Amino acid sequence: MEIVELTREHADDIVTWSYPEPNGCYDLTGMDPRHFTDLSHGFWALLDEGRLVGYRCYGRQARVPGFAYDDGALDIAGGLRPELTGQGLGQVAISTGLDFARDRFEPQAFRVTVADFNVRALKVVDALGFVAVEKFESPSDARTYVVLVRPA
Ligand SMILES: CC(C)(COP(=O)(O)OP(=O)(O)OC[C@H]1O[C@@H](n2cnc3c(N)ncnc32)[C@H](O)[C@@H]1OP(=O)(O)O)[C@@H](O)C(=O)NCCC(=O)NCCS
């Protein structure tokens, strides 16, 4: 897998992605594709042999409202194409994104914020060495989120 610049074609694909419950909160359907192509938002395409298999996001857009984030770590987020979830691809997808971000942004640490119901995502980031440091409830959806960090 590799990370490349996210094109309008990628964005038009991403805004059709819808996840089965309980992951419907990660749906991207109906979003403005320009949200993903705006470079200041920190979105990048994740390709496998040229095919769009996911996206990664770095920086403020990877944060969840309601937590007092500091700038000591680079926030990361992202998702796989819905039909590719649950097949064991998450670890290589996220670690490809970490390798890219380490080279490009040279952060001290990585931070990820995961809804506490999302055991699948929590298992993957745990396997990648992330450690939970805080929990909070987001006012945007009243869900509980876990904040996890790891050295870069
Ligand atoms: C989060 C995500 C990257 C995980 O990648 P994935 O390839 O789907 O996950 P995997 O298939 O590798 O599953 C990871 C683990 O969770 C387990 N798992 C899968 N579904 C589960 C469920 N509903 N409940 C509990 N465990 C589950 C798997 O058995 C696996 O366990 P193992 O490591 O012991 O083998 C991917 O699902 C995704 O992009 N989801 C949509 C968006 C999202 O959730 N974003 C959160 C970003 S932080």
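**Ligand site**

The model is predicted: local features need pLDDT of at least 70, side-chain atom pairs count only at pLDDT 80 or more, and totals for chains, interfaces and linings use all residues. Numbering starts from 1 along each chain as its sequence is written, and side-chain values use heavy atoms, without hydrogens and water.

A backbone N or O atom of Gly86 lies 2.7 Å from a ligand oxygen atom, and a polar backbone atom of Leu89 is 3.1 Å from an oxygen atom of the ligand. Alone, the ligand exposes 960 Å², of which the protein buries 67% (Shrake-Rupley method, 1.4 Å probe; for residues, only the protein chains shown count as cover).

I noted 18 residues around the ligand, with Leu80, Gly86, Gly88, Gly90 and Asn118 coming nearest (near: a heavy atom within 4 Å). They divide into 8 nonpolar, 8 polar and 2 charged; Gly counts as polar here, and Asp, Glu, Lys and Arg as charged, while Ala, Val, Leu, Ile, Met, Phe, Trp, Tyr, Cys and Pro are nonpolar.

Which elements each supply at least two residues of this shell? I found β4 (74-80) and α4 (119-127), and α4 gives the largest share, 5 residues. Helices (H or I, at least four residues) and strands (E, at least two) are DSSP runs, numbered from the N terminus.

**Strand pairing**

I traced β7 (residues 144-151) next. It pairs in the antiparallel sense with β5 (residues 109-115) over 7 bridges, and with β6 (residues 131-137), also antiparallel, over 6 bridges; pairing requires at least two DSSP bridges. Val146 of β7 is the bridge partner of Val114 and also of Lys135. In the hairpin of β6 and β7, with 6 residues between the strands, I found Ala142 at a positive phi near 60 degrees.

**Backbone geometry**

I recorded a cis peptide bond from Glu21 to Pro22, with omega near 15 degrees. Pro22 is in the loop between α1 (8-14) and α2 (34-37). Glu106, not a glycine, has a positive phi of about 45 degrees, and I placed Glu106 in the loop between α3 (90-105) and β5.

Terms used: A polar contact is a pair of N or O atoms within 3.5 Å; within protein, one must be able to donate a hydrogen and the other to accept it, and residues adjacent in sequence count only if both atoms are side-chain atoms.
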